[in-house]
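We'll go stop by stop.

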Amino acid sequence: MSSTKIFLKSSDDKTFEIDETAARASETLKNIIDGGCLDGVIPLPNVSSNILPKVIEYCKKHGGDNGSSKKIANGGVDKDKEILPDYDEEEDKREKVRVDELKKWEEEYMDFDQQVLYDLMLAANYLHIKGLLDLTVEKAASMIRGRTPDQIRENFNINSDFTPEEEEEMILIEDEWDDEWAFD
Amino acid sequence: MENIALLLNGSSYVSLYIAAAITAFCCLCALWAVRLSPLNGIWRRKLKESNGGCFTEGSSKKKACCCSCSCCGSGEASNSTSPSAPYPNGTAGDMLERAPVVAERAEGVERQSEASMMEQLVPEITTHALSYLDYPSLCRLSMTNSSMRRAANDDNAWKALYHKDFTMEQDSITPHNGWKAYYAATRAVVNVNAEFYNIIRERSLPAMSRLWLNADYVKCIHGSGESFTGYDAVMESWQLAFNWAGVVFQIRDVRTRVFTDMAWVTMKAYVDIETGPFNVTNVYEFHNGQWYMVHHHSSVMFIGGEAENQNLFG
C-alpha cells in the first residue's frame, strides 16, 4: 500500500497529516477512504486539536492491525502455530520482543491525566479505533476495580447524592460483602 | 330541591317550614362542600410536598439496597424484580440527555466541572467499561451515586458478567427480572450448592437437616445407588453416611438454572476414594426467603478409555 497522505481537520479547525495506512486503524476513516468520498481534508468535528495528535500517534504505531498488545500476543502466536506447524523459536522470540516493546510503548502512551483519558475514549469511540478504545476503557475500569465506593468517588470526582440514611445502609451492606468475599 | 319543597308545601304550613329548613340546610351543605373541596385539594397537595419528599426518598432507599441485597446473594429472584426492571430504560434515557453535553465538552468547552467523567460518558462506552469489571466492583460502583447506580445496573453488563462468572450456556434465555436479578439468584443457588458439599465434608447432620426441605416428596439418590424418599428417610441416610469419614468433593462444571422459586444444578463431583467421580443433579426450592434442597441424585460417572464400547443402554 502506498503511503498516501490524508489530512484530518480537528473541531477547532487545525489540520493534521496522517499516512493512509495509519488512518486505516480507524474504522470510520477506513470507510471514508474506501468509500471514495475523500475530498482532500476529512473534518472531525468531535475531536479537538489537543487530542487528535494523540490519536494519530496511536494509529501510526498500530498501522494496519487493530488490537492492543494482549490481542497481538494471543492472535499472533496462534496464527504462527496454525500456518507453520514447525514454527521456529527465533520467530517466536522476535514476536515476544515485539509484544514486550508494544506493551512498554502502551504504558508510556497511556500516561496522561483523566481529562485526556476521557477525550481519548470519546475520540476512539467516534473514530471506531477498537484497540484504542479497549486500552482507554480498560484504564478507566482499572480505576474502579478493587476500590471502595469512596475511592471510586475520589478517582472520578463523583458526588454522592444519597441521603445519610442510604449511605449508612450501604456501609452495612459493604461490610457484609467483605465477609462474603473474604472466602472467594 | 325547591320542587320537592313545593310538593310538600301542599300538605301543611308546618311541613313547608320543615321543607324550607331542610332546603336551606342542603344549600349550606352544598356550599360547604364546594368551598372545602378545592381547599382540601390544595391543602393535601401541600402536605404531600412537605412530606412526600421523604416518602419518595424512602422508596428510592429501598432501591438502593436492592442492588446490594440482590448482590448479597440472598437470592430473591422475585424480590429484586421491581427495582431492576425499570433501570435499562431509565439509563438509556438519562444518558441520551447527557449526550449533547459530551459533544460540547469535546469541542473544548470547559463546563460541568462538578459532574464527573464517568457520568458524562456516552452509554456505549460506559457499557464497554463496565464489561471490564467484576461483580464486587460493579456493586461498589453502584454505591457511589444514583447515576452510577443506574449505569451499574445495566442489563448487558450483568449478562456479560453472568457468562464470565458462571457459564457461557444460557445465552439465549431472557430472564424475567433482568440479568442482574438472575445473576444474584444464580449466585445464591451456587452458594447453597457449595454449602451442601461443605456439610458433607464436615459431616454435620444438623446443618444437613436445615438444608433439606422438610417434605414427604424430597428424594435422595446416593452414589451407591440407594434411593430414599421423604425427609425422615433422607436424613437417616445422611446420618449413616456421616458415620464414615468425611469426604472432600471437588465440584466442577457447575451449571445452574434458576426460576423464581425453583433451581437445578448439575455438576461433576470428584473425590479421591475408590468410588466416583460422580455426575450430580441437585434440585432446590425457594421457601420463605431461602433455598432448600428437595432432590439429590448422584451417579458414578462413565469414564472414557473404553470409549469405543460406549453404548447408551449399557
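Which residues line the second largest cavity? Select A:Leu8, A:Ile18, A:Ser26, A:Leu29, A:Val55, A:Ile56, A:Cys59, A:Leu127 and A:Ile129, and you have the lining. A cavity here is a set of points, on a 1 Å grid over the protein atoms alone, where a 1.4 Å probe fits but cannot get out; lining residues have an atom within 4 Å of a point.

Some ground rules before moving on. This is a predicted model, where local features need pLDDT of at least 70 and side-chain atom pairs count only at pLDDT 80 or more, while totals for chains, interfaces and linings use all residues. Residues are numbered from 1 along each chain as its sequence is written, chains are lettered from A and ligands numbered from 1 in the order in which they are written, and side-chain values use heavy atoms, with hydrogens and water left out.

**Still at the cavity**

Helix 3 (residues 52–62) of chain A gives the largest share of the lining, three residues. Helices (H or I, at least four residues) and strands (E, at least two) are DSSP runs numbered from the N terminus.

**The sheet in chain A**

Next, colour the three strands of the open sheet in chain A, ordered 2-1-3 with mixed pairing; strands pair if DSSP finds at least two bridges between them. Strand 2 (15–19) and strand 3 (41–43) are at the edges with a single partner strand each, so one side of each has no neighbour in the sheet. From one strand to the next, the twist averages 30°. Now pick strand 1 (residues 5–9): three bridges join it to strand 3 of chain A, and the two run parallel. A:Lys9 sits opposite A:Pro43. Helix 3 of chain A packs on this sheet, touching strand 1 and strand 2, with its direction at about 5° to that of strand 2. Contact means heavy atoms within 4.5 Å.

**Two helices in chain A**

Select helix 6 (residues 114–127) and helix 7 (residues 130–142) of chain A, which pack at about 145° with axes 9 Å apart. Axes are lines fitted to C-alpha atoms, for helices over the stretch in contact, and angles run from 0 to 180 degrees between N-to-C directions. Among the residues meeting here are A:Leu117 and A:Met121 from helix 6, and A:Leu133 and A:Val137 from helix 7. The contact divides into eight nonpolar residues, two polar and one charged.

**Over to chain B**

Show the six-strand open sheet of chain B, with order 2-1-6-5-4-3 and mixed pairing. Its edge strands are strand 2 (227–229) and strand 3, and the twist averages 20° from one strand to the next. Helix 12 (residues 231–242) of chain B packs on the sheet and touches strand 1 (219–221), strand 2 and strand 6.

Zoom in on strand 3 (residues 250–259) and strand 4 (residues 262–270) of chain B, an antiparallel pair with eight bridges. A hairpin of two residues links them, and B:Arg255 has B:Thr266 as its bridge partner. Finish at strand 5 (residues 278–287) and strand 6 (residues 290–300) of chain B, antiparallel over ten bridges, where B:Phe286 stands opposite B:Trp291.

Technical notes
On a 1 Å grid over the protein atoms alone, a cavity is a set of points where a 1.4 Å probe fits but cannot get out, and a pocket is an open set with protein on both sides within 12 Å along at least five of seven lines; lining residues have an atom within 4 Å of a point. Ala, Val, Leu, Ile, Met, Phe, Trp, Tyr, Cys and Pro count as nonpolar, Asp, Glu, Lys and Arg as charged, and the others, Gly among them, as polar.
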